[in-house]
Amino acid sequence: MKKHHLQWLLAAILLGIIFPGCKDKKKDTIEKLVTEWTGKTIVFPKELHSKFMGRDTVCLDLFDKPYKVLIYTDSTGCTSCKLRMHEWKKIIAETDTIASGQLSFLFFFNPKNEKELDFMMKRERFDYPIFVDNVNEIQQLNSFPDDMMFQTFLLDKDNKVLMIGNPASNPKIWELYKEVITGKKKQSTEKTTQIEVDKTEHDFGKIKNKSENACFFTLTNNGPNDLIINHVSASCGCTGVEWEKQPVKPGATTQIKVKMTPDEPGYFNKTVDVHCNVENGIVKLVVKGEAE
């Protein structure tokens, strides 16, 4: 597939994820970002502090692979929610099959508290090396975009950006990454449909911290083809999801069960992404409330 066509597809996917319903207004901004960053050379700090499951380690061989995925996470907000470790673990596991020895992942963190980062890695059983950048040097060297969706990059052996976008947020971005890495285009025969959601947001109100709470979102297939839900992902480990795996016939309904178990007091606002065969490929749901 030609390079400019891949860029166009990536821009279209990002547009559907970040600004659904506002395509005309934001299209130029997305396309400009994709074009601007494609071909740029990423500069890495000379001094690198790497860790594995909370212990110091040396993993410079990660920079020698033909392809690399750079994931930058700053100190703002919930690191676990932003990173989506459970999704990255699946992606990393898949690379052992499709690109063994060809691809590495460079996780760069600028944490508020390094000990909390170590605890989170152990809690999530994230057994892949990470780089801790306490002075945020990599951001100073490269000036990444502010939007976290544009803080993940596919790089070549010379650290030039081939693609931009977070594949942990949408499987379609990962499919484009794989096309570049393997040189193979995935043939898609999936037909789209239209759906209606009874609600896109659920407010739990005030709930007890550490308690499990559940709600349901009902999806109705109003289109001409079966509704295929390929995957449902939550923005945080404290949010669990359940859904029926079989196709939903035209006119039929299905439910997405969302379980929320807050892990700290305070307000929460979490997203659940339903990846399915609708036009944009994704339906966004939100659960919010206050844990006491």
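Among contacts in this chain between residues at least 6 apart in sequence, 69% join residues at least 24 apart, where contact means heavy atoms within 4.5 Å. The model is predicted, so local features need pLDDT of at least 70 and side-chain atom pairs count only at pLDDT 80 or more, while totals for chains, interfaces and linings use all residues. Residues are numbered from 1 along each chain as its sequence is written, and side-chain values use heavy atoms, with hydrogens and water left out.

**The whole chain**

- The secondary structure comes to seven helices and 15 strands; these are DSSP runs numbered from the N terminus, with helices being H or I of at least four residues and strands being E of at least two.
- Of the 292 residues, 50% count as buried. Buried means under 20% relative accessible area, exposed means over 50%, and partly exposed is in between, with a 1.4 Å probe and protein chains only.
- The accessible surface is about 14,900 Å², and 49% of that belongs to carbon and sulfur atoms. Areas like this come from the Shrake-Rupley method with a 1.4 Å probe, and for residues only the protein chains shown count as cover.

- Strand β4 covers residues 103-109, and seven of its seven residues are buried.
- Leu103, Phe105, Phe107 and Phe109 point one way from β4, while Ser104, Leu106 and Phe108 point the other way.
- Strand β3 (residues 67-73) runs parallel to β4, joined by seven bridges; strands pair if DSSP finds at least two bridges between them. Here valine 69 stands opposite phenylalanine 105.
- β4 also pairs with β5 in the parallel sense, over two bridges, and phenylalanine 109 stands opposite valine 132 there.

**Two buried strand residues**

- Valine 132 is found in β5 (residues 130-132) and is buried, with a relative accessible area of 6%.
- Leaving out residues up to four places away in sequence, valine 132 touches His49, Lys51, Phe109, Pro111, Glu114 and Leu117. Take proline 111: it sits 21 residues from valine 132 in sequence, and the two are 7.4 Å apart in space, C-alpha to C-alpha.
- Threonine 152 lies in strand β6 (residues 152-155) and has a relative accessible area of 1%, so it is buried.

**Helix α4**

- Helix α4 (residues 85-98) has 14 residues and reaches 20 Å from its first C-alpha to its last, close to the 20 Å expected at 1.5 Å a residue. The expected span is 1.5 Å times one less than the number of residues.
- Its buried residues are Met85, Glu87, Trp88, Ile91, Ile92 and Thr95. They cover an arc of only 150 degrees around the axis, which puts them on the same side of α4; the arc is that of the directions from the helix axis to the C-beta atoms.
- Asp96 and Thr97, on the other side of α4, are exposed.

**The nonpolar cores**

- A nonpolar core is a set of buried Ala, Val, Leu, Ile, Met, Phe, Trp, Tyr and Cys residues joined through side-chain atoms within 4.5 Å.
- The largest one has 51 residues, and those touching the most other members are Phe44, Leu70, Trp88, Phe105, Phe107, Phe126 and Leu154.
- Apart from it lies another core of 24 residues, among them Phe217, Ala234, Val248 and Val274.

**A hairpin and its neighbour**

- β14 (residues 266-276) and β15 (residues 282-291) run antiparallel, joined by 10 bridges, with asparagine 269 opposite lysine 288.
- These two strands form a hairpin with five residues between them, and glycine 281 in the turn has a positive phi of about 80 degrees.
- Strand β11 (residues 229-234) also runs antiparallel to β14, over five bridges, and serine 233 has aspartate 273 as its bridge partner.

**Two loop residues with positive phi**

- Most residues other than glycine have a negative phi.
- Arginine 125 has a positive phi near 55 degrees. It is found in the loop between α5 (114-123) and β5, and is exposed at 64% relative accessible area.
- Serine 143 also has a positive phi near 55 degrees. It is found in the loop between α6 (137-142) and β6, and is exposed at 51%.
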